[in-house]
Amino acid sequence: MAITVKRVIAYEITDSNGNPTIEAEMLLSNGFKIVSSISSDNVINTYGMRELRDNDMQHYQGLGVKNAVATINTILGPKFIGMNPADQVAIDIWLDKADDSADKSKLGINTITVLSQLFAKAGAYCYGVPVYRYVNEMYKRITKDVIQLEKIPTACIGMLAGGKNADFKEFHLIPSSSLSFSQAYEMCVDIFHSIKTVLEQLGVTYSRSMYGEYIPNRTTNIDMIDVIFDVVQRKNLKLGKHVFFGLTLTAGNYFLRGKYNIKDRPNPLSPNEYYDFLTDIIGKYSVLMVEDPFASNEVDGWRKMYVNFSEQIYIMAHKFIGDHVDYLEDMDNQKMFTSIVIKPMYFGTISATLRAVARARKKGMTYMVSADKNETDDDFIADFAMAVQADYIKFGAPSQGERVEKYNRLLKIEQSVKMTQGGRAEQKPTPTRKPINATPLPAAMLPKK
């Protein structure tokens, strides 16, 4: 007898920073239960999509999601009863039509995402395959493109955050692609713990960011970079060989009246002076990735960076895309960036997110699948990153259960691939890929056309 949906209900829970978000639960006709929860962006996300929030200041300071939960429990959930749990494409189309607003404010991007994610997990269960394989096959059917499952995405692991002391938002380490995921992760975890030890030895006070990174009481961006550089050297590791720097700059935060105001210099920098400053850092510290290196309206800086560095480093557009949403449709970067950030919460349904991945691939861009600052212990994003063979993943520091759960999921995926293939899961993020010898899923597994 075919498995069908017996019940879909939702709850209000809190995320890693104590803010309300949604957890949804699906009971199948065979008695099996699927559970999924989502991160939250606190009302409006980077791409302008709006979450459904209660605006009741007496409940979680207006951020409650009781209305979203009620929408699922009384309106949407009952409509799914008796449906095929693997009918993902049809469900996603229905959800998109149910909220035809540009910013998904009727149902809320949070309501749509948690339901689409729940069905993806349920579909994988029904066919007895890992979520990443199910989503990978779903990608193939939706886009007519094939992504071979052959590597674990490379981690861009948060070490330090700027906080109030430095201007750059986050300071990451990116391990060499010559290492397996587990080897790379272990190395970065070791460095992360050693940073704490060194800070304490130096008498430097610190706090923690929302992503779990240390926020040392240092005064400049270079000071922050030097903290990590010092620990890397103490470990007898070499920048540019064993590890590389990744910098989330979000430069719009310190761009004021046409100049970049950074603590490393006594006076505000002109765009050309700021470009020279970034050039020095990239060369000296083996920076492999810069995210939002210029303000969104400072396109000349973006173009100059592209012309001179697009063959050497990853120029990642995140906030820039949020401020230029039309780029999502055409994805014509006009030679300003080489990479984009992908999150399901930016698009709503899993189908819509997969189409965004396809657009990036068609344009020859690399893409990083990222978690949010407000996370839950759901590990779906790790499976999604594996399914679309993300060039990089960014889940935050290797601390806090909500973040470690996602790294642990990739460790488990790597181990399962080893057991299946009798060897190491390839970690190399190169255009020439060697696929694993996985048996294709049966056509019957996929939603009907």
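Which residues touch the most other members of the largest nonpolar core? In this predicted model, they are Met 159, Ile 195, Tyr 274, Phe 337 and Phe 384, out of 106 residues in that core. Helix H5, residues 181-201, gives the most to this core, with 10 residues. In soluble globular proteins, nonpolar side chains tend to be buried together.

Neighbours within four places in sequence are set aside here. Tyr 274 is then in contact with Leu 249, Ala 251, Tyr 254, Tyr 260 and Leu 269, and also with Pro 293 and Phe 294.

Now step back to the whole chain. Its secondary structure comes to 13 helices and 16 strands. The radius of gyration is 22 Å, close to the 22 Å that the globule rule gives for 449 residues, so the chain is as compact as a globular protein of that length. Along its principal axes, the C-alpha trace spans about 70 × 55 × 45 Å. Of the 449 residues, 58% count as buried. The chain exposes about 18400 Å², and carbon and sulfur atoms supply 50% of that area. Among contacts with a separation of 6 or more, 69% join residues 24 or more positions apart.

Helix H3 deserves a look of its own. It covers residues 109-126. At 1.5 Å a residue, its 18 residues should span 26 Å, and the end C-alpha atoms are 26 Å apart, which agrees. Of those 18 residues, 16 are buried, so H3 is largely enclosed by the rest of the structure. Gly 128 follows H3, and its phi is positive, near 65°.

Two other residues have a positive phi without being glycine. Most residues other than glycine have a negative phi. Asn 55 has a phi near 60°. Asn 55 sits in the loop between strand S3 (33-37) and helix H1 (66-76). With 63% relative accessibility, Asn 55 counts as exposed. Ser 286 has a phi of about 50°. Ser 286 lies in the loop between helix H7 (271-284) and strand S12 (287-291). At 21% relative accessible area, Ser 286 is partly exposed.

Last comes confidence. The mean pLDDT of the chain is 90, and 92% of its residues reach 70 or more. Over residues 423-449, the pLDDT is below 50. This stretch still has 67 contacts in the model beyond near neighbours in sequence.

Technical notes:
Residues are numbered from 1 along each chain as its sequence is written. This is a predicted model: local features need pLDDT of at least 70, side-chain atom pairs count only at pLDDT 80 or more; totals for chains, interfaces and linings use all residues. Side-chain values use heavy atoms; hydrogens and water are left out. A nonpolar core is a set of buried Ala, Val, Leu, Ile, Met, Phe, Trp, Tyr and Cys residues joined through side-chain atoms within 4.5 Å. Buried means under 20% relative accessible area, exposed over 50%, partly exposed in between (1.4 Å probe, protein chains only). Helices (H or I, at least four residues) and strands (E, at least two) are DSSP runs, numbered from the N terminus. Contact means heavy atoms within 4.5 Å. The expected span of a helix is 1.5 Å times one less than its number of residues. pLDDT is the predictor's confidence in each residue, from 0 to 100. The radius of gyration is taken over C-alpha atoms; the globule rule is 2.2 Å times the number of residues to the power 0.38. Accessible areas come from the Shrake-Rupley method with a 1.4 Å probe; for residues, only the protein chains shown count as cover.
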